[in-house]
Amino acid sequence: MIETQESTTAKICSFVRAYHANFIKNKIFDDYYAFEIMGKDEYEETKNSLVKKFLPCYKYKTLEEINNLFYPLINNYFAPILLSRIAFAEKEFKIFSSIHKTCQYVICGAGLDTFSLRNDNSNVRIFELDHPSTQKYKLKRIYELLCNIPKNTTFVSIDFEKEKMVDVLIKSGFNPEIPTFFSILGVTYYLSLYTFEQSIKDISSLAANGSEVIYDYPDETTFSKKAAGRVQFLTKFTENCGEKMKHGFSFKENLNILEKYNFNVIKHLSPNEIQKHFFENTEQQAYENVHFVGAIKY
């Protein structure tokens with residue numbers, strides 16, 4: 001990520017969730033705070049930036065023509081990953097928190113995630129981890145929107161490539177004796193295999209038995225010449241945003257790392273299974289290279 005500014009992809013994620021929540025009837029996930037956390041000006045600025053990237057002839061088209069061309073592209077290139085993975089994460093957390101009445105929720109690479117604003121469970125302690133620039137931007141938006149920070153939420157600044165999650169979380173008041181749900185969405189794409197393993201190692205050293213980690217990951221076909229067109233597009237697009245994808249993981253690599261650090265895989269959704277769970281009655285298609293994993297610490 002470009003270290004002097006807030007994450008571009010975090011804004012794009014929030015923009016897609018805001019559009020989906022406000023304009024799509026058959027919702028995959030309803031992030032009803034997404035628009036508010038961005039604000040109208042930032043929403044329009046992000047949209048205009050994407051329009052310029054997608055539609056080079058936009059100046060010669062009416063607003064209606066632009067929207068008719070632009071939003072189908074958003075639904076094809078961005079929405080499938082962004083909406084299904086957060087729907088998966090919050091569905092799994094709902095199950096987790098029903099089992100563990102008092103628990104912690106650690107959101108790694110939180111971006112402009114709005115769970116802390118939508119959460120009504122006072123027994124959940126939330127820790128949001130992200131790059132300092134993104135955290136600064138988000139906190140500013142929350143203060144402008146709500147005038148205060150949710151009491152059960154702690155915002156933790158971290159550079160995952162340079163700092164240890166163990167150190168920053170413990171300093172921030174994390175309790176390693178309480179069952180914890182770790183969510184790592186949209187992060188593995190930008191991690192080397194070594195850094196991903198170190199992240200799982202850190203989580204294992206922090207997590208009480210019964211804790212759960214869930215994440216999405218790009219598989220080993222991601223950088224193949226035979227990768228689907230939109231997969232190739234997305235890898236190039238994020239690189240142009242200053243956030244280069246680094247590794248395509250095989251499920252065996254995932255399994256080896258998780259087992260090494262005492263995690264038992266309880267869920268693995270392939271692209272076909274993601275399609276079935278989240279897109280069966282929609283016009284959207286799950287991404288060809290993206291998988292979801294849930295694993296329990298034992």
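**Basis.** I worked on a predicted model, in which local features need pLDDT of at least 70 and side-chain atom pairs count only at pLDDT 80 or more, while totals for chains, interfaces and linings use all residues. Residues are numbered from 1 along each chain as its sequence is written, and side-chain values use heavy atoms, with hydrogens and water left out.

**Entry 1: H1 with H4.** I took helices (H or I, at least four residues) and strands (E, at least two) as DSSP runs, numbered from the N terminus. I found that helix H1 (residues 8–23) packs against helix H4 (residues 63–77) at an angle of about 110°, the axes being 11 Å apart. Axes here are lines fitted to C-alpha atoms, for helices over the stretch in contact, and angles run from 0 to 180 degrees between N-to-C directions. H1 and H4 are therefore roughly perpendicular to each other; angles of 65 to 115 degrees count as such, under 35 as roughly parallel, over 145 as roughly antiparallel and the rest as oblique. I noted the crossing of H1 and H4 as left-handed, that is, the near helix is turned anticlockwise from the far one by less than a right angle. For contacts (heavy atoms within 4.5 Å), I listed Phe15, Val16 and Tyr19 of H1 against Phe70, Tyr71, Ile74 and Asn75 of H4. By class, this contact has 6 nonpolar residues, 1 polar and no charged. Ala, Val, Leu, Ile, Met, Phe, Trp, Tyr, Cys and Pro count as nonpolar, Asp, Glu, Lys and Arg as charged, and the others, Gly among them, as polar.

**Entry 2: H1 with H5.** I then turned to H1 and H5, whose axes come within 10 Å and cross at roughly 80°. This pair, too, is therefore roughly perpendicular. From H1, Ile12, Cys13, Val16, Arg17 and His20 meet Ala79, Leu82, Leu83, Arg85 and Ile86 of H5. I counted 7 nonpolar, 1 polar and 2 charged residues in this contact.

**Entry 3: largest pocket.** On a 1 Å grid over the protein atoms alone, a cavity is a set of points where a 1.4 Å probe fits but cannot get out, and a pocket is an open set with protein on both sides within 12 Å along at least five of seven lines; lining residues have an atom within 4 Å of a point. Grid points are joined across faces, edges and corners, and a volume is the space filled by probe spheres set on the points. I read a volume of about 900 Å³ for the largest pocket. Its lining has 42 residues, of which Thr9, Gly186, Val187, Tyr190 and Glu243 lie nearest the centre. H1 gives the most to this lining, with 5 residues. The lining divides into 23 nonpolar, 9 polar and 10 charged residues.

**Entry 4: cavities.** I found 2 cavities of 30 Å³ or more. The largest has a volume of about 50 Å³, and residues including Ile81, Tyr189, Met245 and Tyr287 line it. Helix H10 (residues 229–240) supplies the largest share of that lining, 3 residues. The second largest cavity has a volume of about 40 Å³. Among its lining residues I noted Pro80, Ile81, Ser84, Tyr287 and Phe292. H5 provides the largest share of this second lining, 3 residues.
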